[in-house]
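Please look through the sequence and the model shown here before reading on. The report after them is written for a reader new to this structure.

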Amino acid sequence: MADVVGSTPLYERFGDDAALQQVSDCLDAMRAIVAQHGDDFIYSKGDDVLSLFESPEMALRAVCQISQQLTKGPLSARIGLHFGAVIRARAAVFGDVVNVTARLSSTANPGRC
């Protein structure tokens, strides 16, 4: 799970349209990186992203690439990783893995891999 950091100041400084474009570009870049690693972009809600990976190694590679790419602009991300079984239902994922990952991303330092 990744949470984009720095979007609020963008909205305040540049206005809704310009900030939304930058956040959207950031989310699109994350989606492309996840796809590049052959994995599943589950959803994006606001500026949060949830993705599933086939292996911890693939997830770590994607996270490092996302972190490196986001250092080039005004946005960064808090990213949490965890592994284990998930429940897929109603076009979403559930379970302890998802909950732990969300807690980890909320406490992560932005821009760190």
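The model is predicted, so local features need pLDDT of at least 70 and side-chain atom pairs count only at pLDDT 80 or more, while totals for chains, interfaces and linings use all residues. Residues are numbered from 1 along each chain as its sequence is written, and side-chain values use heavy atoms, with hydrogens and water left out.

Helices (H or I, at least four residues) and strands (E, at least two) are DSSP runs numbered from the N terminus. The expected span of a helix is 1.5 Å times one less than its number of residues.

| Helix | Residues in helix | First to last C-alpha | Expected span |
|---|---|---|---|
| α3 | 15 residues | 21 Å | 21 Å |
| α4 | 12 residues | 17 Å | 16 Å |

Buried means under 20% relative accessible area and exposed over 50%, with partly exposed in between (1.4 Å probe, protein chains only). An arc is that of the directions from the helix axis to the C-beta atoms, and contact means heavy atoms within 4.5 Å.

In α2, the buried residues are A19, V23, C26, L27, A29, M30, I33 and V34. They cover an arc of only 150 degrees around the axis, which puts them on the same side of α2. The cover over these buried residues includes β1 (2-5), α1 (7-14), β2 (40-45), β3, α3 and β4. Facing away from the buried side of α2 are the exposed residues D17, A35 and Q36. Just after this helix, G38 has a positive phi of about 70 degrees.

Helix α3 buries A59, A62, V63, I66, S67 and L70. Their arc around the axis is only 135 degrees, so they sit on the same side of α3. There they pack against α2 and β4, whereas R61 and Q68 are exposed on the other side of α3.

In α4, V97, V98, V100, T101 and S105 are buried. Because they fall within an arc of 165 degrees seen down the axis, the buried residues line one face of α4. Among the elements covering them are β3 (48-52), β4 (76-79) and β6 (92-94). The face of α4 turned away from this side carries exposed D96, R103, S106 and T107.

I66, in helix α3, is buried with a relative accessible area of 7%. Not counting residues up to four places away in sequence, I66 touches M30, I33 and I79.

V93 belongs to strand β6 and counts as buried at 7% relative accessibility. Leaving aside neighbours within four places in sequence, V93 contacts I42, L50, L52, V86, I87, R88 and V98. V93 and L52 are 41 residues apart in sequence and 9.1 Å apart in space, C-alpha to C-alpha.

**The largest pocket**

On a 1 Å grid over the protein atoms alone, a pocket is an open set of points where a 1.4 Å probe fits, with protein on both sides within 12 Å along at least five of seven lines; lining residues have an atom within 4 Å of a point. The largest pocket has a volume of about 460 Å³, the volume being the space filled by probe spheres set on grid points joined across faces, edges and corners.

Its lining has 27 residues, of which S51, L52, F53, A59 and H82 lie nearest the centre. Two or more lining residues come from each of α2 (16-36), β3, α3 (56-70) and α4. The largest share, six residues, comes from α3. By type, the lining divides into 20 nonpolar, six polar and one charged, where Ala, Val, Leu, Ile, Met, Phe, Trp, Tyr, Cys and Pro count as nonpolar, Asp, Glu, Lys and Arg as charged, and the others, Gly among them, as polar.
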